[in-house]
Amino acid sequence: MKRKRTSPRTECSPHTSSVNKRPVADRYSHWRVQDQSGGMCDISQAEGVDPVKLCDHLCELWAKRELAELRTEARLGFSGLQEPLSGLLCLLEGCPAATRGKTNSLGQCILAEFARWLQDHPHISLKEQPDEQVSNLQLRALNLLAEAQPSFVDLLLDVYQLGCVDRGLLLAHVDKLQTSGLYKEAILMSTKLGLQSELDVEKICVPLILQDKLSLVESYVRGHPHLEEWLVKLLDSWCSPEFSVFQLKRQYPHLGFSQHQVERLQPKMLSKQVFRLMQLFSLDSALCPNSVTKRKLDSLKYLMHKTFVEKGMSEESWSDHVQATVAESPELQAQLIGLLVKYRQFMTAAQWSLRYGVPKERLPHGVWEMQQKLPLALQADSEDDSRSRESWEPPQSDRDRYYQLPVGRESVHFVQTLEELELCREVVLQSGSLVGVDMEWRASFGTVTCQRVALIQLATPGQVFLLDLSAADFWQHPRIVQTIRALFSDPTILKLGYGMSADLKSLFTTWPEFRDEPLKVDGILDLLHVHKQMQRSCRGGGGQQSRVVEVSEGPSEKGLSLLVQQVLGKPLDKMEQLSNWERRPLRNSQLRYAAIDAYCLLDVYLTLSQDPACYGLPADLRCMPSSQNTNGKENKKPKEKAAQARCSVGTSEDSQPASSAPLAQAEETMLMVPQELRVVCDNMLQGLGRYLRSLGVDVLMLENNDDHRVAAELARAEGRVILTCGQPYHTLKSQVGEGRCLALDCSEKARDQAVQVLRHFRVQLTPEDIFSRCQELTGDFAGRGSTTPVGVRDQLYLQN
């Protein structure tokens with residue numbers, strides 16, 4: 001039985017006043033036994049240390065946090081116990097109950113110290129005990145596992161060999177833990193003892209999934225294929241449209257569901273877990289039809305928005321992706337027609353409904369009538385004919401607006417045979433040559449596997465080679481791998497790219513042999529780093545400003561397109577960026593886009609090399625660090641930086657802000673006052689804007705009907721920092737200088753967002769700043785907050 005104890009400090013009070021004042025040799029005497037003459041005898045000569053008194057003394061040291069002395073006296077006490085294994089259980093049973101969820105406790109400290117002491121005393125084991133005594137000790141150890149002490153599991157299993165206990169007794173104990181609501185302790189013990197095949201997997205796992213402890217369930221099923229499949233199927237069934245969280249609430253009324261737990265059970269979150277587990281356990285996607293359908297439906301919604309709202313995808317590319325996503329699924333075919341009607345594309349909806357033969361009863365209102373009005377030419381599927389009739393030359397409007405390929409169609413070579421590959425090698429692998437490198441692969445939305453490279457573009461002055469990797473007998477030929485190794489490893493060939501880490505990662509996905517024998521990379525210049533150096537230098541006054549990029553009516557330029565616009569005067573046409581690059585034959589617009597993406601790198605490099613100082617760059621661009629990841633693995637941030645990454649400014653490469661930007665002041669030790677920080681909040685952060693105004697920050701806020709691009713115009717005109725969240729961040733970031741756009745988490749409260757902003761910019765807040773500025777106007781109060789109650793001021797100040 002576990003003793004009920006009061007505070008250890010109270011129970012051990014006779015010793016607390018003088019224990020630390022006595023010599024070390026005497027400080028152990030109060031829990032040592034007396035000999036027959038009444039004198040204190042040595043531990044080695046004593047009949048045994050009293051475990052109860054030893055526990056009291058260790059509790060006293062724990063209360064005083066004298067951990068070093070506690071460990072020393074615990075080891076002395078273990079040596080004095082007549083039966084150390086039984087005495088250890090007495091100590092653990094007498095320790096105060098640990099706070100649930102807290103791993104650091106007195107019992108854990110004693111148990112860990114005993115395990116270290118046992119290494120010096122290997123003769124202490126259960127083998128020396130009678131069978132009846134062994135069973136008694138193991139039963140007591142099992143009872144300790146039911147006392148909400150999950151940190152005891154590993155050590156008690158090892159010390160008392162609980163794996164050898166009768167299986168029926170272990171299963172009964174697990175059932176006892178579950179009945180007591182100790183699901184975590186039950187699954188930890190079951191996993192350690194390998195009881196998976198003898199337990200009801202649903203009974204032991206579902207409560208933990210509902211308590212947001214999926215990681216424990218993963219450990220439980222790992223290595224058991226039938227359990228891995230069960231877990232994936234279970235989560236996928238919860239992604240079904242017919243599933244409701246209320247079913248689980250009725251089935252497990254004693255658990256209690258928080259709002260966070262309910263959110264984790266939404267199909268959007270569950271489907272992510274399903275795909276992660278499917279890849280972790282190498283399972284077939286056929287096991288999770290609901291999740292696959294949901295992801296494809298999300299892909300259709302994205303394609304609709306990208307095409308009909310952003311106008312950022314060509315009709316041909318949209319059509320390719322729709323066919324690959326919908327495939328033969330009647331449900332997705334009907335969903336496609338419904339989405340087209342939602343975006344008021346009735347004629348397109350009628351055409352696709354005819355193509356898929358969607359039944360009349362599943363057609364939205366108006367589609368059937370539109371089918372009857374379609375001309376016969378539009379009812380027929382003439383997509384292949386339109387591909388063959390497509391001209392190589394783009395429309396005149398595109399030639400006026402976008403950067404154009406400076407070489408003719410005859411200089412663009414589509415390489416798909418070994419003979420054509422040899423001609424490519426003769427040109428590209430010449431020593432001292434300049435090669436623009438780019439790669440294309442199918443966009444990953446709607447798919448569940450990693451994408452391999454479908455096309456490699458190699459541009460040299462005057463020629464472009466497009467290596468077609470669609471045919472297995474060509475891309476799997478050893479000569480292709482040899483060509484890539486020779487190109488990337490030759491230091492005399494300058495390879496130009498933009499964001500080449502993604503390209504290299506796709507290479508490793510396409511050819512696993514690059515992992516077995518690492519690809520040597522030398523002679524690479526990543527223009528992404530050059531671009532960032534240009535931005536830093538232009539803001540810091542180190543060079544002249546590049547061509548001014550105004551906010552346009554269409555999608556904002558970013559990445560390589562922005563660099564091309566700043567250096568060469570016109571952006572790239574990215575309408576084919578999200579094409580289905582695995583479908584053959586490729587359209588002329590796709591071939592042209594692929595050739596331009598590689599060739600523009602040459603023109604940008606040559607233009608920058610003519611006058612690098614004008615852009616704030618060194619005389620020799622090749623000496624700039626590329627910091628390229630060549631092992632095919634992403635450089636992940638430590639876990640402790642995850643919270644910072646959520647509201648970071650720019651990507652991990654944006655780590656050197658210019659000294660003139662407000663963000664740079666956040667990197668310095670000098671603090672700023674709230675009035676020095678000038679921001680513009682987009683219309684999704686109006687609550688944050690009002691909160692910052694109440695703290696004295698100079699804030700402008702967009703109205704509900706304002707476009708996000710207005711924030712960029714205000715930031716450039718008045719030198720403000722943009723505060724935004726979600727997708728607009730990537731668009732706005734490219735329109736302003738580096739360090740002038742900060743992304744926040746929309747799900748957080750305005751107060752928490754304000755704290756992040758103040759900390760990020762190292763704003764020093766004082767009580768006088770609170771309510772020093774009107775929340776509706778940007779001007780100051782005449783009385784500087786004189787009407788604000790002091791209690792409200794102090795509360796806001798302390799919260800910050």
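Predicted model: local features only at pLDDT ≥ 70, side-chain atom pairs only at ≥ 80, totals over all residues.

Tutor: Residues are numbered from 1 along each chain as its sequence is written, and side-chain values use heavy atoms, with hydrogens and water left out.

Student: In what order do the six strands of the open sheet stand?

Tutor: Strands (E, at least two residues) and helices (H or I, at least four) are DSSP runs numbered from the N terminus. Two strands pair if DSSP finds at least two bridges between them. In the open sheet the pairing is mixed, and the order is 1-4-3-2-5-6.

Student: Why is one side of strand 1 and of strand 6 left without a neighbour in the sheet?

Tutor: Strand 1 (412–415) and strand 6 (524–526) each have a single partner strand, so one side of each is left without a neighbour, and both stand at the edges.

Student: At about what angle to strand 2 does helix 32 run?

Tutor: Axes are lines fitted to C-alpha atoms, for helices over the stretch in contact (heavy atoms within 4.5 Å), and angles run from 0 to 180 degrees between N-to-C directions. Helix 32 (residues 588–610) lies across strands 1, 2, 3, 4, 5 and 6, and its angle to strand 2 is about 145 degrees.

Student: In strand 9, which residue is the bridge partner of valine 679?

Tutor: Strand 7 and strand 9 (residues 721–724) pair in the parallel sense over three bridges. In strand 9, the bridge partner of valine 679 is valine 721.

Student: Which element gives the most to the lining of the largest cavity?

Tutor: A cavity is a set of points on a 1 Å grid, over the protein atoms alone, where a 1.4 Å probe fits but cannot get out; lining residues have an atom within 4 Å of a point. The lining includes Val437, Ile456 and Phe488. Strand 2, strand 3 and one helix each supply at least two of the lining residues. With four residues, the element that gives the most is helix 27.

Key:
1 Å grid on protein atoms, 1.4 Å probe; cavity = no way out; pocket = protein on both sides within 12 Å on 5 of 7 lines; lining within 4 Å.
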